[in-house]
Amino acid sequence: MSYTPVIGFEVHIELSTASKMFCGCPADHFGRSPNTQTCPVCLGLPGALPVPNSKAIEWCVKLGLALGCQINLTSKFDRKNYFYPDLPKGFQISQYDLPFCHNGNLLGRQITRVHLEEDTGKLLHQKNQTLIDFNRSGVPLVEIVTAPDFTSSDESSEFLKEVQAIVRALNISTADMEKGSMRLEANISVKRVEDPNLPGYKVEIKNVNSFRFIKKAIDFEITRQSKILDSGLIPAQETRGFSESKGETVSQRTKEEANDYRYFPEPDIPPLQFTEDQIETWRSDIPPLPSQIRRDLMTKFSLTENYARIIAADAQMYREFLKSPTKTTADSLINKRPPTSKPVLVSTEKISSIARAVVAANPKAVSDLKAGKQQVMFFLIGQVKKELGPVDIPLTGKVISRIIDTDDPIRN
Amino acid sequence: MLNKLTLTQALTGLKKKEFSSPELVQACLNEIEKEDSKIHAFLHINPNALSQAQKADINLPLGGIPIAVKDNFLTMGLPTTAASKVLQGYLPHYESTVTRTLKSAGAIIIGKTNMDAWAHGSSTETSDYGPTLNPHNTDYLPGGSSGGSAAAVAAHMCIAAIGSETAGSIRLPAAWCGVVGFKPSYGRVSRYGVIAMASSTDSPGPLTKSVADSALLTQIIAGHDPYDATTSPLPTPDYHRHLQQPLKHLKIGLPKEYLEVMQPQSRDLVLQAVKKMASLGHTIEETSLIHPKYSIGVYTIIQRSEVSSNLARYDGIRYGLDRSHFSDEAKRRIMLGTYALSSGYYDQYYTRAQKVRTLIIQDFHSSFQKYDLLIDPASPGPALKLGAAANDPMFGEMQDILVEPSSIAGLTGISLSCGQINGLPVSFGLIGPQFSESLVLQAAHAYESAI
């Protein structure tokens with residue numbers, strides 16, 4: 001039978017503001033010692049109150065404008081109530097019925113909303129215990145929600161790359177997927193070509209940290225779900241993760257019923273009111289966006305579409321090109337690019353055997369890591385890379401953690 | 001008997017060197033030692049109060065003055081429990097804005113006062129550490145939730161005290177203990193570092209021996225706080241200096257629906273106070289407001305909803321004890337609030353309550369087009385007997401009926417004594433528009449000076 005995929009996205013972008021969303025702690029948490037960037041507000045101590053970061057609000061609105069959204073002049077924050085150990089207040093401050101931005105459009109796909117919220121802490125699962133690092137708690141997080149407007153992994157990928165390029169052009173986030181400052185969630189279902197309605201189920205794919213893997217995950221899901229429909233069944237409504245080693249999606253949890261988040265207006269933050277003038281000032285601050293740059297490169301500088309795409313997606317390269325905007329410059333810039341990370345050719349077994357040797361040879365690094373120095377992980381991954389060349393970094397990290405957690409690298 | 005001095009008198013005495021701060025603090029500590037085993041106004045006494053008094057700088061606005069603080073204000077070095085077992089022994093990592101301001105004005109926190117656990121109540125009977133008793137008659141309740149602060153002031157165990165009001169929690173215990181309780185407008189005094197009850201109405205304020213003392217203390221603690229986004233950027237007037245300025249003749253409304261819910265004897269005393277106000281040259285007119293009974297439903301829904309969210313952080317993971325230590329009253333409120341916010345019920349309860357809240361705000365707004373102030377006694381009658389609150393989950397809401405409308409509207413109000421029935425104080429009160437603290441204090445001060 002013939003099917004059409006129905007795909008929509010939720011994209012989370014961690015903003016690179018100087019301070020967190022509702023307190024003065026630094027927002028840049030990557031690689032910092034656990035719980036060194038916290039205060040009563042982001043730890044959810046008794047009596048602490050949130051004060052919104054106006055820069056984060058401005059950046060969220062600018063991103064919305066860059067995505068062609070309309071802006072709600074009256075907006076507010078809401079509390080999303082749920083329990084999880086990485087959420088110290090027992091609720092996340094987010095936006096419910098009045099997001100800053102709504103009804104946008106990018107590459108012909110509808111953007112439902114763009115809103116601002118706070119990130120959660122991080123759970124570090126160890127052998128017999130789980131530790132919590134609150135450095136990330138309260139970091140400004142923008143959520144972009146699209147309509148279910150996508151029908152293939154290729155157009156999904158093109159769209160997501162464009163979002164990343166826009167965020168980078170605005171210089172509001174590194175939008176680095178490996179570091180988690182850009183996170184993708186895809187909602188995928190499949191329907192019969194002739195069926196005018198949306199499918200009655202959807203599968204949510206979470207925690208995918210590269211464009212390559214999201215493409216693989218989407219393709220895998222389309223095939224998997226089509227097969228289930230072929231057999232006369234309906235795929236289960238569930239959340240699935242992506243196993244990088246197997247190249248498959250795996251069931252994480254089945255959604256029995258929808259969570260009731262008991263949203264209500266955040267009473268600690270007065271409603272926000274923007275003026276048309278303010279929005280227009282912000283709009284005029286927006287630098288040329290990748291689509292505009294591509295057009296310019298092709299029309300003004302006669303570059304090929306392929307060249308224009310590559311240069312427009314990299315703000316640094318574009319700046320270099322403008323210094324001497326010729327075909328020769330474009331050639332040399334593009335040839336100078338570091339090779340993009342190769343597909344993972346190294347097997348998990350090989351990584352494991354080298355990782356065991358690396359762990360055994362670096363007892364000091366291992367004990368530092370156990371004491372919570374997360375940066376050490378990059379050193380250990382680096383040692384593995386030295387032996388094997390390009391490897392799947394997240395996979396290598398997981399392998400190393402597993403080896404360390406079993407405490408006896410030789411026997412295992 | 002230095003402990004019996006008002007704040008104003010104590011400041012004058014200290015500045016004239018008639019006595020020292022350690023003498024003043026010692027007098028209060030002696031009174032606590034003597035009386036608090038009966039009254040139980042305090043949960044923790046500051047063991048360093050005397051040594052802090054020895055170092056006090058009496059040139060500061062509150063230099064060397066012993067002040068009691070409700071146990072929901074975070075104080076570094078002093079346990080802060082909000083009278084709940086969940087926070088037993090909890091030592092805060094930071095200082096509330098109010099106590100930080102008091103300390104930098106030279107005040108000495110003499111101790112932390114008892115309250116209804118998490119401020120859930122109007123009797124101080126629901127404290128997880130046992131009730132506070134009314135100093136006027138220990139068979140009676142002090143009111144709540146700032147009952148410990150009210151009793152500590154009434155029993156002269158401190159010079160003045162700080163409380164917090166969500167709906168009546170300053171004015172009601174002040175009424176029942178016969179002291180002055182002043183609720184500043186919502187947004188006038190910072191809530192940073194105050195264990196939240198209902199975030200949209202919590203208002204810290206003073207409980208004192210005179211209106212002038214309330215003006216002095218409010219002067220210190222009021223103002224914009226960059227750590228509380230709901231505080232007003234409006235400058236704080238000099239409330240204390242304004243008290244000395246001539247008061248124009250005011251137009252004051254007497255809401256008949258409020259008188260209706262009062263007990264006859266208390267109403268008679270209030271009407272005598274009204275006559276006294278009229279004799280000062282004010283014009284007092286009977287007027288009509290939305291019946292206060294409607295505020296009970298509105299307040300109950302909004303407060304329970306906010307409570308259910310505000311208490312979610314007390315999960316025992318990072319600090320405090322686990323959730324099994326919540327008392328029945330807190331559990332009831334969490335469950336009711338969770339229910340009211342649930343999908344399918346939200347519009348029926350929360351949204352509807354907010355709509356009625358808006359109507360009440362508009363009602364006050366139009367009334368204040370006609371009147372400068374409104375008469376609003378804090379309590380329908382004098383203190384009730386110990387045990388009255390037990391097994392009555394709606395006890396607080398019924399007792400607070402007269403102050404709930406002004407609280408949910410974010411107004412400012414004062415409660416002061418206008419007589420006694422069988423040795424128990426009866427309250428007379430005034431409310432004014434948001435940020436009309438100066439006028440409310442001025443009018444109350446003029447009345448107090450005349451009686």
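## Basis of the description

The expected span of a helix is 1.5 Å times one less than its number of residues. Helices (H or I, at least four residues) and strands (E, at least two) are DSSP runs, numbered from the N terminus.

This is a predicted model, in which local features need pLDDT of at least 70 and side-chain atom pairs count only at pLDDT 80 or more, while totals for chains, interfaces and linings use all residues. Residues are numbered from 1 along each chain as its sequence is written, and chains are lettered from A and ligands numbered from 1 in the order in which they are written.

## Chain A

Chain A contains 12 helices and 16 strands. Along the principal axes, the C-alpha atoms of chain A fill a box of roughly 65 × 60 × 60 Å.

In chain A, 39% of the 412 residues count as buried (20 or more other C-beta atoms within 10 Å of the residue's own; exposed means 12 or fewer, and partly exposed in between; C-beta atoms are placed from the backbone). Of the contacts in chain A between residues at least 6 apart in sequence, 67% join residues at least 24 apart, a contact being two residues whose C-beta atoms, placed from the backbone, lie within 7 Å.

An automatic or database domain assignment divides chain A into domain 1 (3–265), domain 2 (288–336) and domain 3 (348–405). The centres of domain 2 and domain 3 of chain A, taken over C-alpha atoms, are 39 Å apart.

## Contact between the chains

On the chain B side, 30 residues are in contact with 24 residues of chain A. Elements giving two or more residues to this side are α11 (293–310) and α12 (328–341) of chain B; the largest share, 3 residues, comes from α11(B).

## Helix α12 of chain B

With 14 residues, α12(B) reaches 20 Å from its first C-alpha to its last, close to the 20 Å expected at 1.5 Å a residue. Its buried residues are B:E329, B:A330, B:R333, B:I334, B:G337, B:A340 and B:L341. They cover an arc of only 135° around the axis, which puts them on the same side of α12(B); the arc is that of the directions from the helix axis to the C-beta atoms.

B:D328, B:K331 and B:M335 are exposed on the other side of α12(B). The buried residues of α12(B) pack against α11 and α13 (347–370) of chain B, together with β15 (264–265) of chain A.
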